[in-house]
Amino acid sequence: MKTSFVLTSYLIYLPVVVMLTWYVAHTLFKNSKVFMLDIFHGKSDIAYSTNKLFEVGFYLLNLGFALLIMETSAAIANSQGMLEELSSKIGGFSIYLGIMLFFNLYLFFRGRRISKQKIAQSFVPPADLR
């Protein structure tokens, strides 16, 4: 019985993209707690809740995209074709994950900057310094 290279490629692709997504999300959101605490001025309840919501959205978006691009349009005739298809799919998904990582970092830094600006604008100097 000949094993389908398409099925084998799916069985390799799925665990790889799930583990890549988990690793990036785990690293990003473990380290982003500091940014969230800073953005929300030490209010840990809202900072951790917001961080968790970002994490869930990250998983949904990235795993959804991984499943969307999983389809193989051409028949895979041999192991070389399977490896080439896998490298293309996993490589493209890795680039996408990197872009999403930097987009999330941009959002964290932007939120931090806006938070600092609001504090600076709301600061009223004491009467003897005016």
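Which backbone nitrogen does a side-chain oxygen of N78 reach at the start of α4? In this predicted model, with residues numbered from 1 along each chain as its sequence is written, local features need pLDDT of at least 70, side-chain atom pairs count only at pLDDT 80 or more, and totals for chains, interfaces and linings use all residues. Side-chain values use heavy atoms, with hydrogens and water left out. The nitrogen in question belongs to Q80, and the N78 oxygen comes to within 3.3 Å of it. Helices here are DSSP runs of H or I with at least four residues, numbered from the N terminus.

Helix α4 itself runs over residues 79-122. Several α4 residues are buried, among them M82, L86, I90, F93, L97, N104 and F108, where buried means under 20% relative accessible area, exposed over 50%, and partly exposed in between (1.4 Å probe, protein chains only). The buried residues of α4 pack against α1 (5-31), α2 (33-39) and α3 (44-68).

Seven aromatic pairs turn up in a search of the whole structure; rings of Phe, Tyr and Trp (its six-membered ring) pair if their centres lie within 6.5 Å, and planes under 30 degrees apart count as stacked, over 60 as edge-to-face and the rest as tilted. F29 and F58 make an edge-to-face pair, 5.6 Å centre to centre with 70 degrees between the planes. This pair links distant parts of the chain, since F29 sits in helix α1 and F58 in helix α3, 29 residues apart. F29 is buried at 2% relative accessibility, and F58 is buried with a relative accessible area of 2%. F54 and F108 form another edge-to-face pair, at 5.8 Å between centres and 65 degrees between planes. Here the link joins helix α3 to helix α4, 54 residues apart in the chain. F54 is partly exposed at 30%, whereas F108 is buried at 2%. One aromatic cluster unites F29, F35, F54, F58, F108 and F109.

S32, in the loop between α1 and α2, is buried, with a relative accessible area of 1%. Leaving aside neighbours within four places in sequence, S32 is in contact (heavy atoms within 4.5 Å) with N51 and F108. H41 lies in the loop between α2 and α3 and is partly exposed, at 45%. H41 has a positive phi of about 55 degrees although it is not a glycine.

Finally, the unreviewed UniProt entry annotates residues 12-29, 50-70 and 90-109 as "transmembrane region". Over residues 50-70 the model is 90% helix, with end C-alpha atoms 30 Å apart; residues 90-109 are 100% helix, with ends 28 Å apart.

Technical notes:
Helix = DSSP H or I, 4+ residues; strand = E, 2+ residues; numbered from the N terminus. Expected span 1.5 Å × (residues − 1). Polar contact = N/O pair within 3.5 Å; in protein donor to acceptor, adjacent residues only side chain to side chain. UniProt positions renumbered as here; feature names shortened; annotations may be inferred.
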